[in-house]
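Please consider the protein shown below.

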Amino acid sequence: MSTVNSDKQATVPPAFAKRRWVLPAALVEDLYPQPRRPGGRPRRTARDWAVDFACFLLAVGIGLLAADVLDQEPHLSPAMAVADQVIGALACAAVWLRRRWPVGLAAAMLPVSLVSATAGGAVLVSLFTLAVHRPFRYVAWIGGASLAVAPLYYWMRPEPGLPFLASLVIALLLGVTVLGWGLLVRSKRQLLLSLRDRARHAEAEARLRAEQAQRLAREAIAREMHDVLAHRLTLLSVHAGALEFRPDAPREEVARAAGVIRESAHEALQDLREIIGVLRAAEPDDAGRPQPTLAALDALVAESREAGMKVTLAERVPDPGAVPASVGRTAYRIAQEALTNARKHAPGTEVTVSAAGAPGDGLTLSVRNAPPRGEVPRVPGSGQGLIGLTERATLAGGTLEHGPTPEGGFEVRARLPWGE
(Lines give C-alpha, C1' and ligand atoms only; values in the text may rest on other atoms or scores of the structure.)
Protein backbone atom coordinates (compact mmCIF):
# COMPACT_ATOMS: atom_id res chain seq x y z
CA MET A 1 0.00 0.00 0.00
CA SER A 2 1.35 3.45 -0.88
CA THR A 3 1.59 6.29 1.59
CA VAL A 4 -1.14 8.49 0.10
CA ASN A 5 -3.52 7.97 -2.82
CA SER A 6 -3.08 10.21 -5.86
CA ASP A 7 -4.16 10.71 -9.45
CA LYS A 8 -3.66 7.46 -11.34
CA GLN A 9 -3.70 9.11 -14.75
CA ALA A 10 -0.39 10.91 -14.33
CA THR A 11 2.74 9.77 -16.07
CA VAL A 12 6.40 10.21 -15.34
CA PRO A 13 7.89 13.19 -17.19
CA PRO A 14 11.11 12.33 -19.10
CA ALA A 15 13.12 14.82 -17.03
CA PHE A 16 11.92 13.29 -13.77
CA ALA A 17 12.46 9.70 -14.90
CA LYS A 18 16.21 10.31 -14.73
CA ARG A 19 16.01 11.35 -11.08
CA ARG A 20 13.45 8.91 -9.69
CA TRP A 21 16.20 6.84 -8.09
CA VAL A 22 16.59 9.48 -5.35
CA LEU A 23 13.00 8.97 -4.09
CA PRO A 24 11.35 6.01 -2.35
CA ALA A 25 9.40 3.67 -4.63
CA ALA A 26 6.18 4.31 -2.69
CA LEU A 27 6.56 8.07 -3.17
CA VAL A 28 7.32 7.69 -6.88
CA GLU A 29 4.27 5.46 -7.24
CA ASP A 30 2.05 8.07 -5.61
CA LEU A 31 3.53 11.06 -7.43
CA TYR A 32 3.77 9.46 -10.88
CA PRO A 33 1.89 6.13 -10.96
CA GLN A 34 2.82 3.72 -13.72
CA PRO A 35 0.71 0.86 -15.13
CA ARG A 36 1.80 -2.52 -13.85
CA ARG A 37 0.51 -6.07 -13.81
CA PRO A 38 -2.33 -6.93 -11.41
CA GLY A 39 -1.00 -7.69 -7.94
CA GLY A 40 2.41 -6.35 -8.85
CA ARG A 41 4.46 -4.14 -6.56
CA PRO A 42 6.49 -1.04 -7.41
CA ARG A 43 10.12 -1.86 -8.02
CA ARG A 44 12.68 -0.65 -5.51
CA THR A 45 14.65 2.40 -6.53
CA ALA A 46 18.38 2.76 -5.97
CA ARG A 47 17.59 4.77 -2.84
CA ASP A 48 15.36 1.94 -1.56
CA TRP A 49 18.14 -0.61 -1.97
CA ALA A 50 20.59 1.66 -0.15
CA VAL A 51 18.17 2.29 2.74
CA ASP A 52 17.20 -1.38 3.01
CA PHE A 53 20.84 -2.40 3.10
CA ALA A 54 21.58 0.24 5.76
CA CYS A 55 18.63 -1.02 7.86
CA PHE A 56 19.87 -4.58 7.52
CA LEU A 57 23.39 -3.57 8.60
CA LEU A 58 21.94 -1.61 11.54
CA ALA A 59 19.89 -4.62 12.70
CA VAL A 60 22.93 -6.91 12.34
CA GLY A 61 25.21 -4.43 14.16
CA ILE A 62 22.84 -4.09 17.11
CA GLY A 63 22.41 -7.87 17.16
CA LEU A 64 26.19 -8.44 17.29
CA LEU A 65 26.53 -5.95 20.16
CA ALA A 66 23.79 -7.79 22.04
CA ALA A 67 25.40 -11.18 21.32
CA ASP A 68 28.67 -10.05 22.92
CA VAL A 69 26.99 -9.57 26.30
CA LEU A 70 24.87 -12.73 26.29
CA ASP A 71 27.50 -14.59 28.31
CA GLN A 72 27.20 -11.94 31.03
CA GLU A 73 23.60 -12.89 31.82
CA PRO A 74 23.83 -15.16 34.88
CA HIS A 75 20.60 -17.11 34.35
CA LEU A 76 20.90 -17.67 30.60
CA SER A 77 21.65 -21.28 29.59
CA PRO A 78 23.90 -22.07 26.60
CA ALA A 79 20.91 -23.48 24.70
CA MET A 80 18.94 -20.27 25.25
CA ALA A 81 21.93 -18.22 24.12
CA VAL A 82 22.14 -20.21 20.88
CA ALA A 83 18.39 -19.93 20.35
CA ASP A 84 18.59 -16.19 21.01
CA GLN A 85 21.20 -15.76 18.28
CA VAL A 86 19.37 -17.96 15.78
CA ILE A 87 16.15 -16.03 16.30
CA GLY A 88 18.06 -12.76 16.04
CA ALA A 89 19.63 -13.84 12.73
CA LEU A 90 16.23 -14.78 11.32
CA ALA A 91 14.82 -11.43 12.49
CA CYS A 92 17.65 -9.57 10.76
CA ALA A 93 16.98 -11.51 7.55
CA ALA A 94 13.26 -10.64 7.83
CA VAL A 95 14.19 -6.93 7.64
CA TRP A 96 14.29 -7.33 3.84
CA LEU A 97 10.52 -7.99 3.95
CA ARG A 98 9.74 -4.75 5.73
CA ARG A 99 8.41 -2.91 2.66
CA ARG A 100 6.13 -5.73 1.59
CA TRP A 101 4.60 -6.60 4.97
CA PRO A 102 5.27 -3.73 7.39
CA VAL A 103 2.32 -4.58 9.64
CA GLY A 104 2.97 -8.33 9.63
CA LEU A 105 6.68 -7.86 10.35
CA ALA A 106 6.05 -5.46 13.22
CA ALA A 107 3.42 -7.80 14.71
CA ALA A 108 5.73 -10.81 14.38
CA MET A 109 8.48 -8.92 16.21
CA LEU A 110 6.31 -8.57 19.33
CA PRO A 111 6.87 -12.16 20.62
CA VAL A 112 10.41 -12.16 19.19
CA SER A 113 11.31 -9.12 21.31
CA LEU A 114 10.42 -11.11 24.48
CA VAL A 115 12.80 -14.01 23.83
CA SER A 116 15.72 -12.58 21.79
CA ALA A 117 18.06 -9.76 22.72
CA THR A 118 19.90 -9.99 19.39
CA ALA A 119 16.66 -9.19 17.56
CA GLY A 120 16.51 -5.71 19.11
CA GLY A 121 17.78 -3.96 15.99
CA ALA A 122 15.27 -5.74 13.77
CA VAL A 123 12.48 -4.76 16.19
CA LEU A 124 13.44 -1.07 15.95
CA VAL A 125 13.60 -1.24 12.14
CA SER A 126 10.16 -2.87 11.97
CA LEU A 127 8.65 -0.15 14.18
CA PHE A 128 10.21 2.59 12.05
CA THR A 129 8.90 0.98 8.84
CA LEU A 130 5.42 0.64 10.35
CA ALA A 131 5.33 4.35 11.27
CA VAL A 132 6.48 5.39 7.78
CA HIS A 133 4.22 3.20 5.65
CA ARG A 134 1.01 2.79 7.63
CA PRO A 135 -1.56 5.13 9.25
CA PHE A 136 -1.30 6.11 12.89
CA ARG A 137 -3.86 3.55 14.11
CA TYR A 138 -1.44 0.71 13.29
CA VAL A 139 1.38 2.57 15.04
CA ALA A 140 -0.80 3.14 18.11
CA TRP A 141 -1.74 -0.52 18.50
CA ILE A 142 1.42 -2.37 17.51
CA GLY A 143 3.87 0.31 18.68
CA GLY A 144 2.03 0.66 21.97
CA ALA A 145 2.06 -3.12 22.48
CA SER A 146 5.80 -3.25 21.73
CA LEU A 147 6.50 -0.59 24.35
CA ALA A 148 4.18 -2.28 26.82
CA VAL A 149 6.07 -5.61 26.71
CA ALA A 150 9.42 -3.90 27.42
CA PRO A 151 8.98 -4.09 31.26
CA LEU A 152 8.20 -7.82 30.98
CA TYR A 153 11.37 -8.45 28.97
CA TYR A 154 13.64 -6.62 31.43
CA TRP A 155 11.93 -8.36 34.35
CA MET A 156 12.70 -11.76 32.80
CA ARG A 157 16.17 -10.81 31.51
CA PRO A 158 17.70 -7.96 33.50
CA GLU A 159 20.40 -5.95 31.76
CA PRO A 160 23.80 -6.79 33.26
CA GLY A 161 25.22 -3.88 35.25
CA LEU A 162 22.17 -1.63 34.74
CA PRO A 163 19.20 -1.08 37.10
CA PHE A 164 15.78 -2.23 35.97
CA LEU A 165 14.32 1.31 35.89
CA ALA A 166 17.24 2.72 33.89
CA SER A 167 17.01 -0.13 31.36
CA LEU A 168 13.28 0.44 30.99
CA VAL A 169 13.62 4.21 30.52
CA ILE A 170 16.32 3.78 27.87
CA ALA A 171 14.25 1.21 25.98
CA LEU A 172 11.11 3.37 26.08
CA LEU A 173 12.99 6.49 24.93
CA LEU A 174 14.60 4.56 22.10
CA GLY A 175 11.26 3.11 20.98
CA VAL A 176 9.44 6.47 21.14
CA THR A 177 12.29 8.12 19.23
CA VAL A 178 12.15 5.55 16.43
CA LEU A 179 8.35 5.80 16.17
CA GLY A 180 8.47 9.60 16.20
CA TRP A 181 11.13 9.63 13.51
CA GLY A 182 9.01 7.34 11.35
CA LEU A 183 5.91 9.52 11.83
CA LEU A 184 7.96 12.58 10.87
CA VAL A 185 9.14 10.92 7.65
CA ARG A 186 5.55 9.93 6.84
CA SER A 187 4.25 13.47 7.46
CA LYS A 188 6.92 14.93 5.17
CA ARG A 189 5.92 12.50 2.43
CA GLN A 190 2.27 13.36 2.88
CA LEU A 191 3.09 17.07 2.70
CA LEU A 192 5.01 16.56 -0.55
CA LEU A 193 2.14 14.58 -2.05
CA SER A 194 -0.43 17.14 -0.95
CA LEU A 195 1.62 19.96 -2.50
CA ARG A 196 1.92 17.98 -5.71
CA ASP A 197 -1.82 17.34 -5.70
CA ARG A 198 -2.54 21.02 -5.15
CA ALA A 199 -0.17 21.91 -7.99
CA ARG A 200 -2.01 19.52 -10.30
CA HIS A 201 -5.36 21.03 -9.35
CA ALA A 202 -3.99 24.54 -9.87
CA GLU A 203 -2.66 23.59 -13.32
CA ALA A 204 -6.00 22.05 -14.25
CA GLU A 205 -7.89 25.13 -13.04
CA ALA A 206 -5.53 27.42 -14.96
CA ARG A 207 -6.13 25.41 -18.15
CA LEU A 208 -9.89 25.57 -17.61
CA ARG A 209 -9.75 29.34 -17.02
CA ALA A 210 -7.67 29.82 -20.17
CA GLU A 211 -10.07 27.69 -22.22
CA GLN A 212 -13.04 29.57 -20.80
CA ALA A 213 -11.43 32.92 -21.59
CA GLN A 214 -10.78 31.80 -25.16
CA ARG A 215 -14.34 30.58 -25.52
CA LEU A 216 -15.78 33.83 -24.17
CA ALA A 217 -13.52 35.86 -26.47
CA ARG A 218 -14.66 33.81 -29.46
CA GLU A 219 -18.29 34.30 -28.47
CA ALA A 220 -17.82 38.06 -28.11
CA ILE A 221 -16.13 38.28 -31.51
CA ALA A 222 -18.87 36.16 -33.05
CA ARG A 223 -21.54 38.51 -31.62
CA GLU A 224 -19.84 41.59 -33.04
CA MET A 225 -19.24 40.05 -36.45
CA HIS A 226 -22.75 38.63 -36.63
CA ASP A 227 -24.26 42.07 -36.11
CA VAL A 228 -22.15 43.60 -38.89
CA LEU A 229 -22.64 40.66 -41.25
CA ALA A 230 -26.40 40.64 -40.73
CA HIS A 231 -26.54 44.37 -41.41
CA ARG A 232 -24.65 44.08 -44.67
CA LEU A 233 -26.60 41.07 -45.88
CA THR A 234 -29.85 42.88 -45.07
CA LEU A 235 -28.67 45.92 -47.04
CA LEU A 236 -27.74 43.68 -49.94
CA SER A 237 -31.16 42.01 -49.82
CA VAL A 238 -33.02 45.34 -49.79
CA HIS A 239 -31.24 46.69 -52.87
CA ALA A 240 -31.55 43.37 -54.69
CA GLY A 241 -35.26 43.35 -53.91
CA ALA A 242 -35.64 46.90 -55.23
CA LEU A 243 -34.05 45.89 -58.52
CA GLU A 244 -36.35 42.88 -58.72
CA PHE A 245 -39.58 44.82 -58.16
CA ARG A 246 -38.56 47.89 -60.21
CA PRO A 247 -37.03 46.62 -63.43
CA ASP A 248 -38.04 49.93 -65.11
CA ALA A 249 -36.05 52.12 -62.66
CA PRO A 250 -33.77 54.80 -64.12
CA ARG A 251 -30.38 53.62 -65.25
CA GLU A 252 -28.56 55.76 -62.65
CA GLU A 253 -30.52 54.18 -59.76
CA VAL A 254 -29.88 50.68 -61.11
CA ALA A 255 -26.14 51.38 -61.33
CA ARG A 256 -26.04 52.87 -57.83
CA ALA A 257 -27.95 49.88 -56.36
CA ALA A 258 -25.67 47.44 -58.17
CA GLY A 259 -22.63 49.25 -56.76
CA VAL A 260 -24.06 49.02 -53.25
CA ILE A 261 -24.78 45.32 -53.74
CA ARG A 262 -21.26 44.66 -55.01
CA GLU A 263 -19.62 46.58 -52.16
CA SER A 264 -21.85 44.98 -49.51
CA ALA A 265 -21.19 41.50 -50.89
CA HIS A 266 -17.44 42.12 -50.86
CA GLU A 267 -17.48 43.38 -47.26
CA ALA A 268 -19.73 40.52 -46.19
CA LEU A 269 -17.32 37.98 -47.67
CA GLN A 270 -14.43 39.64 -45.84
CA ASP A 271 -16.29 39.45 -42.55
CA LEU A 272 -17.36 35.88 -43.23
CA ARG A 273 -13.74 34.79 -43.62
CA GLU A 274 -12.97 36.21 -40.18
CA ILE A 275 -15.78 34.43 -38.33
CA ILE A 276 -15.18 30.96 -39.78
CA GLY A 277 -14.46 28.67 -36.84
CA VAL A 278 -15.87 31.09 -34.28
CA LEU A 279 -18.84 29.71 -32.36
CA ARG A 280 -21.78 32.06 -32.20
CA ALA A 281 -23.15 32.80 -28.69
CA ALA A 282 -26.71 31.82 -27.90
CA GLU A 283 -27.88 35.31 -26.85
CA PRO A 284 -26.31 38.32 -28.57
CA ASP A 285 -25.97 41.48 -26.55
CA ASP A 286 -25.85 45.13 -27.61
CA ALA A 287 -27.90 44.29 -30.71
CA GLY A 288 -28.00 47.08 -33.22
CA ARG A 289 -25.36 49.18 -31.50
CA PRO A 290 -22.62 50.43 -33.86
CA GLN A 291 -19.24 48.94 -33.07
CA PRO A 292 -16.36 51.36 -32.40
CA THR A 293 -13.41 51.41 -34.79
CA LEU A 294 -10.00 53.03 -34.83
CA ALA A 295 -11.62 56.40 -35.49
CA ALA A 296 -13.00 56.25 -31.93
CA LEU A 297 -9.51 55.93 -30.41
CA ASP A 298 -9.37 59.68 -29.66
CA ALA A 299 -12.68 59.44 -27.82
CA LEU A 300 -11.42 56.41 -25.86
CA VAL A 301 -8.29 58.31 -24.78
CA ALA A 302 -10.38 61.33 -23.82
CA GLU A 303 -12.73 59.12 -21.81
CA SER A 304 -9.76 57.59 -19.97
CA ARG A 305 -8.42 61.04 -19.18
CA GLU A 306 -11.78 62.06 -17.78
CA ALA A 307 -11.61 58.97 -15.56
CA GLY A 308 -8.35 60.29 -14.07
CA MET A 309 -5.75 58.44 -16.13
CA LYS A 310 -2.63 60.11 -17.55
CA VAL A 311 -2.87 59.01 -21.16
CA THR A 312 -0.79 60.31 -24.05
CA LEU A 313 -1.71 59.58 -27.65
CA ALA A 314 1.82 59.68 -29.07
CA GLU A 315 1.12 58.65 -32.66
CA ARG A 316 -2.00 58.55 -34.78
CA VAL A 317 -3.00 57.02 -38.06
CA PRO A 318 -3.45 59.93 -40.52
CA ASP A 319 -6.73 58.58 -41.87
CA PRO A 320 -8.43 56.21 -39.40
CA GLY A 321 -11.39 55.89 -41.72
CA ALA A 322 -9.21 54.13 -44.28
CA VAL A 323 -8.52 51.26 -41.90
CA PRO A 324 -10.78 48.25 -42.59
CA ALA A 325 -13.66 48.17 -40.14
CA SER A 326 -12.84 44.71 -38.78
CA VAL A 327 -9.19 45.65 -38.17
CA GLY A 328 -10.23 48.96 -36.62
CA ARG A 329 -12.64 47.21 -34.25
CA THR A 330 -9.93 44.78 -33.17
CA ALA A 331 -7.43 47.60 -32.61
CA TYR A 332 -9.98 49.58 -30.61
CA ARG A 333 -10.81 46.61 -28.38
CA ILE A 334 -7.12 45.89 -27.78
CA ALA A 335 -6.46 49.51 -26.81
CA GLN A 336 -9.54 49.52 -24.58
CA GLU A 337 -8.53 46.35 -22.72
CA ALA A 338 -4.89 47.49 -22.39
CA LEU A 339 -5.99 50.81 -20.87
CA THR A 340 -8.27 48.94 -18.49
CA ASN A 341 -5.38 46.68 -17.44
CA ALA A 342 -3.13 49.70 -16.88
CA ARG A 343 -5.79 51.31 -14.72
CA LYS A 344 -6.16 48.12 -12.64
CA HIS A 345 -2.53 47.03 -12.30
CA ALA A 346 -0.65 50.34 -12.46
CA PRO A 347 -3.01 53.04 -11.17
CA GLY A 348 -1.77 56.61 -11.36
CA THR A 349 1.01 55.89 -13.87
CA GLU A 350 1.43 57.49 -17.27
CA VAL A 351 0.18 55.47 -20.24
CA THR A 352 1.31 55.99 -23.83
CA VAL A 353 -0.85 54.87 -26.75
CA SER A 354 0.61 54.66 -30.26
CA ALA A 355 -1.06 53.64 -33.51
CA ALA A 356 0.76 53.67 -36.82
CA GLY A 357 0.58 51.98 -40.18
CA ALA A 358 -0.41 52.24 -43.79
CA PRO A 359 -2.16 50.08 -46.39
CA GLY A 360 0.09 47.15 -47.24
CA ASP A 361 2.35 47.71 -44.23
CA GLY A 362 -0.13 46.68 -41.56
CA LEU A 363 -1.36 48.44 -38.45
CA THR A 364 0.77 48.55 -35.29
CA LEU A 365 -0.81 49.41 -31.95
CA SER A 366 1.15 49.85 -28.72
CA VAL A 367 -0.04 50.61 -25.20
CA ARG A 368 2.76 51.10 -22.67
CA ASN A 369 2.54 52.12 -19.01
CA ALA A 370 5.22 53.22 -16.55
CA PRO A 371 6.18 51.12 -13.49
CA PRO A 372 3.53 51.21 -10.73
CA ARG A 373 4.23 53.23 -7.64
CA GLY A 374 4.46 50.93 -4.60
CA GLU A 375 2.88 47.53 -4.13
CA VAL A 376 -0.32 46.92 -6.12
CA PRO A 377 -2.68 44.19 -4.82
CA ARG A 378 -3.17 41.30 -7.23
CA VAL A 379 -6.52 41.40 -9.00
CA PRO A 380 -8.39 38.05 -9.08
CA GLY A 381 -8.55 36.55 -12.56
CA SER A 382 -5.57 38.52 -13.84
CA GLY A 383 -4.31 37.45 -17.24
CA GLN A 384 -7.65 36.36 -18.69
CA GLY A 385 -8.08 39.62 -20.58
CA LEU A 386 -4.71 39.20 -22.27
CA ILE A 387 -5.69 35.70 -23.32
CA GLY A 388 -8.83 37.12 -24.93
CA LEU A 389 -6.84 39.84 -26.70
CA THR A 390 -4.40 37.29 -28.09
CA GLU A 391 -7.30 35.23 -29.39
CA ARG A 392 -8.92 38.32 -30.93
CA ALA A 393 -5.70 39.38 -32.67
CA THR A 394 -5.10 35.84 -33.97
CA LEU A 395 -8.59 35.59 -35.42
CA ALA A 396 -8.03 38.95 -37.16
CA GLY A 397 -4.90 37.52 -38.81
CA GLY A 398 -2.44 39.43 -36.62
CA THR A 399 -0.26 38.90 -33.60
CA LEU A 400 -0.18 40.27 -30.07
CA GLU A 401 2.75 40.41 -27.66
CA HIS A 402 2.75 41.55 -24.05
CA GLY A 403 5.24 41.67 -21.23
CA PRO A 404 7.30 43.88 -18.90
CA THR A 405 9.44 46.68 -20.29
CA PRO A 406 13.13 47.22 -19.38
CA GLU A 407 12.08 50.14 -17.19
CA GLY A 408 9.75 47.96 -15.12
CA GLY A 409 6.48 48.92 -16.78
CA PHE A 410 4.27 46.86 -19.07
CA GLU A 411 3.55 46.95 -22.80
CA VAL A 412 0.90 45.43 -25.04
CA ARG A 413 1.90 45.48 -28.71
CA ALA A 414 -0.31 44.26 -31.55
CA ARG A 415 0.29 44.02 -35.28
CA LEU A 416 -2.77 43.66 -37.49
CA PRO A 417 -3.08 43.19 -41.27
CA TRP A 418 -4.06 46.22 -43.38
CA GLY A 419 -4.39 45.28 -47.01
CA GLU A 420 -4.13 47.69 -49.89
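The account begins with the whole protein and then turns to its sheet and to some of its helices.

The model is a predicted one, in which local features need pLDDT of at least 70 and side-chain atom pairs count only at pLDDT 80 or more, while totals for chains, interfaces and linings use all residues. Residues are numbered from 1 along each chain as its sequence is written, and side-chain values use heavy atoms, with hydrogens and water left out.

The protein contains 13 helices and 5 strands; helices (H or I, at least four residues) and strands (E, at least two) are DSSP runs, numbered from the N terminus. Of its 420 residues, 38% count as buried, where buried means under 20% relative accessible area, exposed over 50%, and partly exposed in between (1.4 Å probe, protein chains only). Among the contacts in the protein with a separation of 6 or more, 72% are accounted for by residues 24 or more positions apart; a contact means heavy atoms within 4.5 Å. 

The strands form an open sheet of 5 strands in the order S1-S2-S3-S5-S4, with mixed pairing. Its edge strands are S1 (310–315) and S4 (399–404), each of which pairs on one side only. Two strands are said to pair if DSSP finds at least two bridges between them. In general, strands of a sheet pair through backbone hydrogen bonds, either parallel or antiparallel. Here S1 and S2 (residues 350–358) run parallel and are joined by 5 bridges; valine 311 has valine 351 in S2 as its bridge partner.

Helix H12 (residues 325–345) lies across S1, S2, S3 (362–369), S4 and S5 (410–416), and runs at about 10° to S3. For such angles, axes are lines fitted to C-alpha atoms, for helices over the stretch in contact, and the angles run from 0 to 180 degrees between N-to-C directions.

Helix H7 (residues 136–148) has 13 residues and reaches 17 Å from its first C-alpha to its last, close to the 18 Å expected at 1.5 Å a residue. The expected span is 1.5 Å times one less than the number of residues. The buried residues of H7 are Val139, Ile142, Gly143 and Ser146. They cover an arc of only 100° around the axis, which puts them on the same side of H7; the arc is that of the directions from the helix axis to the C-beta atoms. On the other side of H7, Arg137, Trp141 and Ala148 are exposed.
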